[in-house]
Amino acid sequence: MSWVVISTVLTVIMVPYPVTEAKKCNFPAIFNFGDSNSDTGGLSAAFGQVPTPNGITFFHTPAGRYSDGRLIIDFLAQNLGLPYLSAYLESVGSNFSNGANFATAGSTIRPQNKTLSQSGYSPISLDVQLVEYSDFKAKSILIRKKGGVFKKLLPKEEYFSKALYTFDIGHNDITAGYNLDMTTEQVKAYIPNVLDQFSNVIRSVYKEGGRSFWIHNVGPIGCLAYMLDRYPVSAAETDNFGCAKPFNEVSQYFNHNLNETIVQLREELPKATIIYVDVYTVKYNLISHAQKYGFDENSVVACCGDGGKYNFNNHARCGATKIVNGEKIVIAKSCKDPSVKIIWDGIHFTEAANEWIFEQIANGEFSDPPISLKSTSLKIACRGNVSSYHY
């Protein structure tokens, strides 16, 4: 397990026999909260579709995702036998019968004091996503009772207590501080407040009936061109793989505090199963051993961009265009083979990387407690009973 896993006594829900001997059974629905790492079309629905070449690998057209294809949340849904999640804000062609995605690109846990055009951060922060969820739940129950076509497009009432609640958010809370010219110590200083607000959302979902939580920690932001290009560090502060150590240390600090926050929440919410998923270690392992896993050795260089050391230009991100001789052309293009690149656009990961990351975390090896995705679904969604076991 990674350094962030601490040794403690945890009250968790466990099966008294090996999962392999039990029948397969999945969560009936997923409700996701987060930022661009798990946004399947929320920001696009509100502020305009992500541009081509996003989506080229799997969807063959922009599909609301900041990647060439699928995200970790897509592979998670697929693994559970569920359809890809529709964004809550996407009103056209959406089917919410097996859950909804409240994530939007640029979202933070703590609300920002600037608009999207001023800072690039979404106004749909985690507290807003919680309001959306509460409203969605209340209206779903009401509308299903009326029958008709909408009954087939909304989740059954019992799905809300049996669903998997996934969270992948916090990256933008860290970068927001640097965008305000804060020092690393100043960024660290406000992280406890950010996590207090995160805890309040978990408590609220629990109060609404949510019992199964799958929470990702933040990845190594010091390996992203978005940070490396905008906030250069000295050679001494760069590791052997091109990542900025100071920024990664802040990610680790956030994750350490997030893990402690989750330990406290487990004590407060005894009927909940709260899984802490260490995606930081998985992502950093991939970046630092890229060739070993079949990826390009230039692991921090983006696939889609407009040139430069990291193929990243913050003023001309992936899909950016300009007018040449009266014709609009794409200047921030995709590389020839996204399947061998880890970083898609200097901020987000490629479909190939997302799939590899999901394969590492699905079996529980990087989870605390070390419970696989399928075994958790077996305990909560199928049995519907709550028992306590101690490590």
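Modeller: Cys223 and Cys243 are joined by a disulfide, with an S to S distance of 2.1 Å; the term stands for a pair of cysteine sulfur atoms within 2.5 Å. This is a predicted model, in which local features need pLDDT of at least 70 and side-chain atom pairs count only at pLDDT 80 or more, while totals for chains, interfaces and linings use all residues. Residues are numbered from 1 along each chain as its sequence is written, and side-chain values use heavy atoms, with hydrogens and water left out.

The Cys223 and Cys243 link is right-handed, with 110° about the S-S bond. It connects distant parts of the chain, 20 residues apart: Cys223 lies in the loop between strand E5 (212-216) and helix H8 (225-230), and Cys243 in the loop between H8 and helix H9 (245-268). Helices (H or I, at least four residues) and strands (E, at least two) are DSSP runs, numbered from the N terminus. Cys223 has a relative accessible area of 0%, and Cys243 also has 0%. Both count as buried (under 20% relative accessible area; exposed is over 50%, partly exposed in between, with a 1.4 Å probe and protein chains only).

A disulfide also joins Cys303 and Cys335, with the sulfur atoms 2.0 Å apart. This link is left-handed, at -95° about the S-S bond. Cys303 is buried at 2% relative accessibility, whereas Cys335 is partly exposed at 24%.

Cys304 and Cys318 form another disulfide, S to S 2.1 Å, which is right-handed with 85° about the S-S bond. Cys304 and Cys318 are both buried. The count comes to three disulfides.
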